[in-house]
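Please look over the notes below with the model open.

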Amino acid sequence: MDILREVSKKLVEANDLPEFSAGDTVIVSYKIKEGSKERIQQFQGIVIQKRGSGTNETFTVRKISGGIGVERIFPLNSPFIDDIKITKKGRVRRARIFYQRERTGKSARIKEKKRFIKKA
Amino acid sequence: MPGLIGKKIGMTSMYSAEGKNLPCTVISTGPCVVTQVKTIENDGYEAVQLGYGEKKEKRTTKSLKGHFQKSGGNLLRTLVEFKGFSQDLKAGDVLNLTDVFQEGQFVDVVGTSKGKGFQGVVKRHGFAGVGQATHGQHNRLRAPGSIGAASDPARVFKGMKMGGQMGNERVTVQNLKVLKIFADENLVVISGAIPGAKGSTVLIQN
């Protein structure tokens, strides 16, 4: 079992994506293939959960688009993820902030972490 | 076919260059010791006998110990014959993973499938059962149905699919891609699933 875990770690190619957790506001640049062309799509929203490990590690980003909540799940170690930018570090008490789904407007605000230094 | 003996570690997944998440199996294999070289003059055919794994001394018979003396004296758990090695081998030689396999090539894997015990036709042969589950039906749901005609031929044909032992048999899976080789740890990562439980002995063939 331990051998398997170590090998699984090696199979994940190291990426230089920043550390983030639930409550952070991020911009995910995702490569999309249309036929033979490849373009980059951006998705901005709040991370509401991170789950899994190794190749199965994923994170969910939620945003409000035209008054309707949209959630998208990204595989963290997928080569299709071009870049992740953190625009805001949020102060939340939970690892999974699903309560955000019931909130809109003022109550959906997340306080910013105070000692957050933006990475260059 | 040249090959090596190994042990199934378990399954995981990895991303391909195209971004697909591929299921894969990790196998611990090699170094395998050449325990005997069979020749046409001596044995009537050509083959190489490989050994793998460790065996306790008290579980090894004296005759086997004598056999192992010819190849360095290590007590080995599994002995299997392979044909068609391109290298010139003699007893006592050690074959490593990279001597036999390269990344990107296709291999066959032989293993013993997990035993399922005595199973009915629905699980064993994929039959659909007879009739309905409701409307008063009570004992035909997983039944095989008719197994033949009446007084002509007045017997059941040989090979009729019926219930019986399932699994715990030798199974070969062909054309599995070698995705990655970790030569230092003697580990090979192969695409897809292979037969058998974790820790079971498998053969990887070119």
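1. Both faces of strand E4 of chain B are covered. Ala47(B), Gln49(B) and Gly51(B) are buried on one side; Val48(B), Leu50(B) and Tyr52(B) are buried on the other. The strand covers residues 47–52, and six of its six residues are buried. Buried means under 20% relative accessible area, with exposed over 50% and partly exposed in between (1.4 Å probe, protein chains only). Strands (E, at least two residues) and helices (H or I, at least four) are DSSP runs, numbered from the N terminus.

2. A word on the basis. This is a predicted model, in which local features need pLDDT of at least 70 and side-chain atom pairs pLDDT 80 or more, while totals for chains, interfaces and linings use all residues. Residues are numbered from 1 along each chain as written, chains are lettered from A and ligands numbered from 1 in written order, and side-chain values use heavy atoms, without hydrogens or water.

3. Which strands pair with E4(B)? Strand E3 of chain B (residues 32–38) runs antiparallel to E4(B), joined by five bridges. Here Val34(B) stands opposite Leu50(B). Strand E5 of chain B (residues 78–82) also pairs with E4(B) in the antiparallel sense, over five bridges. There Phe82(B) is the bridge partner of Val48(B). Pairing requires at least two DSSP bridges between the strands.

4. Now the largest pocket. It holds about 320 Å³ of space. A pocket is an open set of points on a 1 Å grid over the protein atoms alone, where a 1.4 Å probe fits, with protein on both sides within 12 Å along at least five of seven lines; lining residues have an atom within 4 Å of a point. The volume is the space filled by probe spheres set on the points, which are joined across faces, edges and corners.

5. The pocket lining has 21 residues. Nearest the centre lie Ile46(A), Arg62(A), Ile64(A), Gln100(A) and Ala108(A). Strands E2 (37–51) and E3 (58–65) of chain A each supply at least two lining residues. E2(A) gives the most, with four. By class, the lining has five nonpolar, nine polar and seven charged residues.

6. Chain A as a whole: one helix and five strands. Their order from the N terminus is α-β-β-β-β-β. The C-alpha trace spans about 45 × 40 × 30 Å along its principal axes. Of the 120 residues of chain A, 35% count as buried.

Conventions:
Ala, Val, Leu, Ile, Met, Phe, Trp, Tyr, Cys and Pro count as nonpolar, Asp, Glu, Lys and Arg as charged, and the others, Gly among them, as polar.
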